[in-house]
Amino acid sequence: MNVLTKNLRLFWQGTMLSYIALFAWLRPVTYAASKIVMPLAQMLFFVFLGTYATNSNNVDFYVIGNAVQITAVSGIFGVTMSVGGDRWAGTLPYLFGTPANRVMLFFGRAFMHVIDGTIGVVIAFIWGVTLLGLDLSHTNLPALGLTILVTTLSTCALGLLMGCLSLITSNVMFVNNTVYFLLLIFSGANVAIDKLPAWMQALSQILPLTRGIAASRALVAGQGLAEIGPMLLTELGIGFVYGTLGYFMFHWFEVVAKRRGSLETV
Amino acid sequence: MNAIEVNHLKRVYRAAIGVFKRSIKEVVAVDDISFSVEKGELFGLLGPNGAGKTTTVKMLATLLIPTAGNISIMGFDVVKQANEVRKRIGFIFGGERGLYWRLSAEDNLRYFASLYGADPEVSKKRIPYLLEMVGLKGRGNERVEGYSRGMKQRLHVARTLLHDPEVLFLDEPTIGLDPVGAREFRQVILDLQTEKKTILLTTHYMFEADALCDRIAVIDKGCTVALDTPGGLKKHVSDLSIVEMETFGAPEEVLNGIRALPFVDAVSVEDQDQRQLLKVQTERGAEAVPDLMAALDGQRVGRVIVREPTLEDAYVRLVGGKV
Ligand SMILES: Nc1ncnc2c1ncn2[C@@H]1O[C@H](COP(=O)(O)OP(=O)(O)OP(=O)(O)O)[C@@H](O)[C@H]1O
Ligand SMILES: [Mg+2]
């Protein structure tokens, strides 16, 4: 077996096992509910609330916005659990006692959630098409797929940063819920961004999802990859920044914990 | 080259106390500890609660930075060459935490093997071998959440042997095991020694240290107070005999009265339900018994035995009557 396949197998084993080990929702029924029922519930809620409140007929706006935003379930909650889970498992000393490459270890924690989040969005789009009349006949589907993947990546990167917070504080579930709901508004999933106050718009611009949702809407409206390309690149760049910040925070956590002796304090 | 080399090790913890008026309290967990362990040696680290054993093991295992002093393992510095050290060591902190309870034992091992970069083909053979070695054969595919404490501790042993380390640190590995389980566990440790592994062990069970260790360091309040073979340590008390007296609820004043007697060297008290077992160290042996009975001042006394000192008695003398 050559070095590359060996390393790939190692990476796969590590990410897959850590996903099962640390992602506490992974009981089949709850998992299915979170993947299938919850996107539909969220979508129906905002579609009916949104169209009723704005008295308009822009169902697609809410369907697309919430379908893409669903990726934050994996990206924020899932990734945070996978990074922070070692704290309550008491595995941190054993983890940091290995010579494992920390970059692989850290980003590996998010890997399965990227796949998972992408699948979640696809399921949500299927609900949109089958139940809420979403029309994808003018859509460049490969480009939409790429947009979903890129958006999921950048959302998971924010999740990695949140996960590091959860290594340090125990209140992270509160912070996570807040972030999730803020994303519902700030990302433009349910409110057109240009209707937001200026300070909120500014925040929107530095969050993941915002451009991914805008790009998805543009694609469904019939635009092509060339038009949305810049948005995707920026979305990816935002993810890169959060991922890098997350990694430095993870590294910093290890260094400080070894200095202070706080590796296994819960 | 020694396998482990510890020079003037020191570790101070700074802990914040108080919620509103925060102040910093410094705890000197390890003050000045030095020792070296030869390759293949089984070395014991003994000391009362809070002596600094776990703190020392954490520094050996690259998980805690020393405040001063240095440690080298197989010639590598634990701070500057941490990854080289990590490839060569295994460690266990007693207890059942530190495993992924939602995974099976095999998957736990597979995961840790991946962290050590072990070739998956090699792990495929090594994992069943290790599970058999620690007595978990046939249970490997069960989730760890259903394991008993002893099984989890055995799994920790398998985990730490995945990468075939040369040096092992075992911090109270038999804590909380039943007597039979603890005995089987000691056999595993002895088997490891025959594989030429260097082992550093901490324990509160003196007979365990006596039976297993080639040499023992006794530490107290962060300092080494003795370092010798079990036989050598016993010589510290070879001039003494031990009078064991069973009493029933003797009050503290009476015990202090005994401690104050001129011919009494040290007294340790073991509480066992209604009874107490006093272990009095004295040069006078059986002759001391009448005076001791008098000092007990009418307290009910059960069995009285005069015996030769053990490692435990040597330990008690070294750390001043605390067990
Ligand atoms: N993370 C920490 N922060 C602050 N103080 C600590 C920390 N860990 C240990 N200490 C203190 O350092 C001292 C030594 O603790 P350590 O755990 O090394 O003792 P030990 O010899 O292993 O004791 P035991 O036999 O009870 O396991 C104790 O006073 C303890 O309270
Ligand atoms: Mg300890």
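This is a predicted model: local features need pLDDT of at least 70, side-chain atom pairs count only at pLDDT 80 or more; totals for chains, interfaces and linings use all residues.
The shell around ligand 1 divides into 5 nonpolar, 7 polar and 2 charged residues. Ligand 1 is surrounded by residues from chains A and B, so the site is shared between the two chains. Of the 14 residues around the ligand, those that come nearest are Gly50(B), Lys53(B), Thr54(B), Thr55(B) and His204(B).

In terms of secondary structure, strand E2 (23–37) and helix H1 (53–60) of chain B each provide at least two residues of the shell. The largest share, 3 residues, is that of H1(B).

Individual polar contacts can then be traced. An N or O atom in the side chain of Thr54(B) is 2.7 Å from an oxygen atom of ligand 1. For His204(B), a polar side-chain atom likewise lies 2.7 Å from a ligand oxygen atom. Ala51(B) takes part through its backbone, with a polar atom 3.2 Å from an oxygen atom of ligand 1. Taken alone, ligand 1 exposes 640 Å², and the protein buries 69% of that area.

Attention now turns to chain A and its helix H3 (residues 59–69). Because 9 of the 11 residues of H3(A) are buried, this helix is largely enclosed by the rest of the structure. The buried residues are Phe61(A), Tyr62(A), Val63(A), Ile64(A), Gly65(A), Asn66(A), Ala67(A), Val68(A) and Gln69(A). These buried residues pack against six helices of chain A, namely H2 (28–54), H4 (71–89), H6 (102–131), H7 (141–168), H8 (172–186) and H10 (210–220).

Note on methods
Residues are numbered from 1 along each chain as its sequence is written. Chains are lettered from A and ligands numbered from 1 in the order in which they are written. Side-chain values use heavy atoms; hydrogens and water are left out. Buried means under 20% relative accessible area, exposed over 50%, partly exposed in between (1.4 Å probe, protein chains only). Helices (H or I, at least four residues) and strands (E, at least two) are DSSP runs, numbered from the N terminus. Contact means heavy atoms within 4.5 Å. A residue is near a molecule or strand if one of its heavy atoms lies within 4 Å of it. A polar contact is a pair of N or O atoms within 3.5 Å; within protein, one must be able to donate a hydrogen and the other to accept it, and residues adjacent in sequence count only if both atoms are side-chain atoms. Accessible areas come from the Shrake-Rupley method with a 1.4 Å probe; for residues, only the protein chains shown count as cover. Ala, Val, Leu, Ile, Met, Phe, Trp, Tyr, Cys and Pro count as nonpolar, Asp, Glu, Lys and Arg as charged, and the others, Gly among them, as polar.
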